[in-house]
Amino acid sequence: MLKFRIIRGGLRLLGIRRASTVPAASPHARRLEYKPIKKVMVANRGEIAIRVFRACTELGIRTVAIYSEQDTGQMHRQKADEAYLIGRGLAPVQAYLHIPDIIKVAKENNVDAVHPGYGFLSERADFAQACQDAGVRFIGPSPEVVRKMGDKELEENYNRAYSEALAAFGNGALFVEKFIEKPRHIEVQILGDQYGNILHLYERDCSIQRRHQKVVEIAPAAHLDPQLRARLTSDSVKLAKQVGYENAGTVEFLVDKHGKHYFIEVNSRLQVEHTVTEEITDVDLVHAQIHVAEGRSLPDLGLRQENIRINGCAIQCRVTTEDPARSFQPDTGRIEVFRSGEGMGIRLDNASAFQGAVISPHYDSLLVKVIAHGKDHPTAATKMSRALAEFRVRGVKTNIPFLQNVLNNQQFLAGTVDTQFIDENPELFQLRPAQNRAQKLLHYLGHVMVNGPTTPIPVKASPSPTDPIVPAVPIGPPPAGFRDILLREGPEGFARAVRNHQGLLLMDTTFRDAHQSLLATRVRTHDLKKIAPYVAHNFSKLFSIENWGGATFDVAMRFLYECPWRRLQELRELIPNIPFQMLLRGANAVGYTNYPDNVVFKFCEVAKENGMDVFRVFDSLNYMPNLLLGMEAAGNAGGVVEAAISYTGDVADPSRTKYSLQYYMGLAEELVRAGTHILCIKDMAGLLKPTACTMLVRSLRDRFPDLPLHIHTHDTSGAGVAAMLACAQAGADVVDVAADSMSGMTSQPSMGALVACTRGTPMDTGVLLESVFDYSEYWEGARGLYAAFDCTATMKSGNSDVYENEIPGGQYTNLHFQAHSMGLGSKFKEVKKAYVEANQMLGDLIKVTPSSKIVGDLAQFMVQNGLSRAEAEAQAEELSFPRSVVEFLQGYIGIPHGGFPEPLRSKVLKDLPRVEGRPGASLPPLDLQLLEKELIERHGEEVTPEDVLSAAIYPDVFAHFKDFTATFGPLDSLNTRLFLQGPKIAEEFEVELERGKTLHIKALAISDLNRAGQRQVFFELNGQLRSILVKDTQAMKEMHFHPKALKDVKGQIGAPMPGKVIDIKVAAGAKVAKGQPLCVLSAMKMETVVTSPMEGTVRKVHVTTDMTLEGDDLILEIE
């Protein structure tokens, strides 16, 4: 069949010649009588069906709907007086094309007339004929006219050209085209009756098209020459009269830049965009269609050409469930929220646009037609833009952001568009994503109500029902602090000011290390921001606030679903006067592994730009190459470099020779030569006793009289205050403390105790005790919100046995939680004993993240498998040690003081590669620009430099964080109790999204489980009912009994610990060697590589990725 198509304005020219051969109809050719219509059936669906039903209701005509099996829930079925199923068993579209069914419904239900709508059967002459044969009026042109106007081919010319082409080229395919550069697509609305009367209702501009599909329609066409308008309308009327046209139709033209017009085709039906014509002419086209079908003439209806006038301008936008960011890919799903734009000058024609509607993939994606009417084109555009901005559609994607860009485009506003408008304006696709904040919050709250907390909860304890008391803050800016000196004099001047300061300076760790030690790093930015203004006004004499780095970076994204960079930015804004301090893990930045050098340097640069001031740089092994890299990165960024020596052992004990006073003095010499501004002693486990403090600090003060000394400790043993007083008396400039209610145990010493003990002495801190009391009261209340993470749930006091096991403060808490989560709570004493043995096995390490984690992983591994140090060393060649232990022995975190333990290292590593020198030195630079591009492609939004660094350091965590917050944000606006456990049924609460925008929410009910494994959660949001569907993850789990590995069967490999399978290295049938990795398990951030204890062939793999295993669950079998 010959196909005619438009290519860049190419023209289908046919039909006009064919039509010209038809004799004109005579007004007196037939005598008709008026036959009123009493019942109309619409052979269509959706908004056009409802449009016709409304017109019929206004005329007092009964209505009949038809619907497919897939449309049982559609609104058009409910809007009609009667509705009948058609096309049972047929495909969705075929149901509406099944003429026998439609005619059968019409005849069985005494239908007088059928309105075809548009699409489907509307231009099928055989359908019009079938209606006529059944004695049912067809509201449209006669079958003959439909046939004439629908036939856009010239059969005789086609056959001749086809024969010639086939003979000449062996291919008879033909294309009839006329190239027209950047034309306008103008169509004229015509209306005829059965008496030969034809009139036009002026034109519409349909030039804004995408792939020849109209997107926006305008009536009348802007800046159209009156003479051209006259020619277009005159030609349209002539053509209609030539074929004896009756009822509504559209004559379509292309207009070139010279004002010449070219006929395309006639659409012998009502058009989607008929609405704009109705708005500017005040003629109801559907009313007119029905009356014409009844036998009434246009003059009878008061429709005469001289009375048709243009009144203002109308614009129609087709709001569809299509995603313009994905090439207008149709979206499907359930509409969770629908709020339309309304008001003066706005008309809405819709069918499926309501809350709860299900958008299926079976039919057209049109959601609602929005029509704006104003006195002129700019006015109508303004009304349309305002209306679209009022729309809220949630649950499915729409093209509204694209339409808004069209309406704001200057070319559109000037009325100079053509068919190339969309192609030539790529900025139309620079879409502003919808915030969708309220619905995302409801999704999160519903998810928590159904499935429980989204962050792992170590113990079953509910958050405190009361909010912490925020002390009063005076109006106005806070007083000047040490940061003002830093900004004015730079790092060197800042260091001099610290050294010259009279009295003891304090660093407050409450914002980071304190809650890392006591509350598993779970304190949210929400609660930090509340107290931040008070800190700025009342603690301006602090040396610094430690609020970033270390584990907070990871935990913020992984468990709190917060951006750590945003935390830094917001706190900086609230506390402009006190220096911020972070913990930088040397070459590891804020991660647990080595990164390319350019990542570490860029990280420090961006951290400084976001408000970080003091970089405490340490290395878990005191490995100088790693330390120097971190110092250089922090210094190049313009930060204050505080090089930290990680402390272990006891310099006051002559028998502890590995980490002697001379060892620490030697490290200090190297760090001072490297240019550190401040020297820190980082006592992670609280091992510094007062005597050792005096020896070490006094030696450092004597050797470096001009260098500020900063001491960090933990109060696990209970001697922290005494130790810090001893340091101050020996010459320390700064010591670390925490708010009283967040101090002690594995945290830092009490701020109030240090302030009180030095008050009135040369070491006076200058901090008011009354301010400390109010500060502590806030944190006492805030701490209650985190009861599920509080170390006191499993640990009631500190313990002086830390002098023996040397477990760092934060790790002491984590090991407690890990032991309980792995069923080893009653064996914590054994865990601590094993920690000592593991430390000795590894050569007596400096223990701070990540080296402390390595020792802890090995200790838990030994307890879980019932191994003593001697047994673990003896079986080292066969055991599947934790991955962290293996990588440490390979040299992935550096070289420990005194070297690696032998023969353990050789037994464990066998032929595995070893890293020589600084691990990161061999890593190639990371292409950050490429990473940014990949992130943009994945997440489809603007990516910041901060995001790029988060992804560089924690790629999987960042990806999960972005995916999670795309579904559930913005969680920072929820209070902590709601964040952790969600609301109770009937609870009412407010959520402030931003200043001046507050949501009023009430949790109403949770439904029973549906067949899809979902529960419907009902809320009241700002007085309106909202509901969301939430998958019940627990209910959807199938009963599963995993086989256990039999210890007496050599080839059965069991899980050495409970955990999740994150990687499977082999498949059934694979040949494996002894020691070859088989799979990787993960639990509580500890990864273990399970290796083969024997050589053989994998007979069967019993696990899959992401499967959760218990201890001894069968992983695979080897034979």
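Biologist: Is tyrosine 534 buried or exposed?

Modeller: This is a predicted model, so every value here is computed from it. The cut-off for buried is under 20% relative accessible area. Tyrosine 534 has 3% relative accessibility, so it counts as buried.

Biologist: Which ring pairs with tyrosine 534, and in what geometry?

Modeller: Planes over 60 degrees apart count as edge-to-face. By this rule the count comes to 33 aromatic pairs. In one of them, the ring centres of tyrosine 534 and phenylalanine 539 are 6.2 Å apart. Their planes stand at 65 degrees, so the pair is edge-to-face. Phenylalanine 539 is buried too, with a relative accessible area of 1%.

Biologist: What does phenylalanine 539 touch, beyond its neighbours within four places in sequence?

Modeller: Phenylalanine 539 is in contact with Tyr534, Ile578, Met751, Val767, Ser771, Val772 and Tyr775.

Biologist: Which residues touch the most other members of the largest nonpolar core?

Modeller: They are Phe511, Phe539, Phe603, Tyr775 and Trp779. The core holds 193 residues. Helix α15, residues 437-451, gives the largest share of this core, with eight residues.

Biologist: Which residues do ring pairs link into a cluster?

Modeller: Follow the pairs from ring to ring. Trp548, Phe553, Trp565, Tyr592, Phe603 and Tyr954 are linked this way.

Biologist: Where does arginine 77 lie relative to tyrosine 67?

Modeller: Arginine 77 lies over the face of tyrosine 67. The distance from the ring centre is 4.6 Å. Arginine 905 lies over the face of phenylalanine 900, at 4.0 Å from the ring centre.

Biologist: Now sheets. In what order do the five strands of the open sheet run?

Modeller: Start with the general idea. Strands of a sheet pair through backbone hydrogen bonds, either parallel or antiparallel. Here the order is β3-β2-β1-β4-β5, and the pairing is parallel. The edges are β3 (82-85) and β5 (137-138). Each has a single partner strand, so one side of each is left without a neighbour in the sheet.

Biologist: How many bridges join β1 and β4?

Modeller: Strand β1, residues 39-42, pairs with strand β4, residues 113-115, over three bridges. Methionine 41 stands opposite valine 114 in β4.

Biologist: Is glutamine 502 buried or exposed?

Modeller: Glutamine 502 has 68% relative accessibility, so it counts as exposed. Its place is the loop between α16 (482-500) and β20 (505-508). Its side chain reaches the backbone oxygen of asparagine 500 at 3.4 Å. Leaving out residues up to four places away in sequence, glutamine 502 touches Pro762 and Asp764.

Biologist: How far apart are glutamine 502 and phenylalanine 391?

Modeller: Compare sequence with space. These two are 111 residues apart in sequence and 62 Å apart in space, C-alpha to C-alpha. Now take cysteine 680 and alanine 643. They are 37 residues apart in sequence and 5.9 Å apart in space, C-alpha to C-alpha.

Biologist: What surrounds cysteine 680?

Modeller: Cysteine 680 lies in strand β25, residues 678-682. Its relative accessible area is 0%, so it is buried. Its contacts, not counting residues up to four places away in sequence, are Arg616, Glu642, Ala643, Ala644, Ile645, His710 and His712.

Biologist: Zoom out. How many helices and strands does the protein chain have?

Modeller: The chain has 38 helices and 39 strands. Its C-alpha atoms fill a box of roughly 125 × 75 × 65 Å, taken along the principal axes. Of its 1119 residues, 58% are buried. Among contacts with a separation of 6 or more, 71% come from residues 24 or more positions apart.

Conventions:
Residues are numbered from 1 along each chain as its sequence is written. This is a predicted model: local features need pLDDT of at least 70, side-chain atom pairs count only at pLDDT 80 or more; totals for chains, interfaces and linings use all residues. Side-chain values use heavy atoms; hydrogens and water are left out. Rings of Phe, Tyr and Trp (its six-membered ring) pair if their centres lie within 6.5 Å; planes under 30 degrees apart count as stacked, over 60 as edge-to-face and the rest as tilted. Buried means under 20% relative accessible area, exposed over 50%, partly exposed in between (1.4 Å probe, protein chains only). A charge sits over a ring if NZ of Lys or CZ of Arg is within 6 Å of the ring centre and within 35 degrees of the ring normal. Two strands pair if DSSP finds at least two bridges between them. Helices (H or I, at least four residues) and strands (E, at least two) are DSSP runs, numbered from the N terminus. Contact means heavy atoms within 4.5 Å. A polar contact is a pair of N or O atoms within 3.5 Å; within protein, one must be able to donate a hydrogen and the other to accept it, and residues adjacent in sequence count only if both atoms are side-chain atoms. A nonpolar core is a set of buried Ala, Val, Leu, Ile, Met, Phe, Trp, Tyr and Cys residues joined through side-chain atoms within 4.5 Å.
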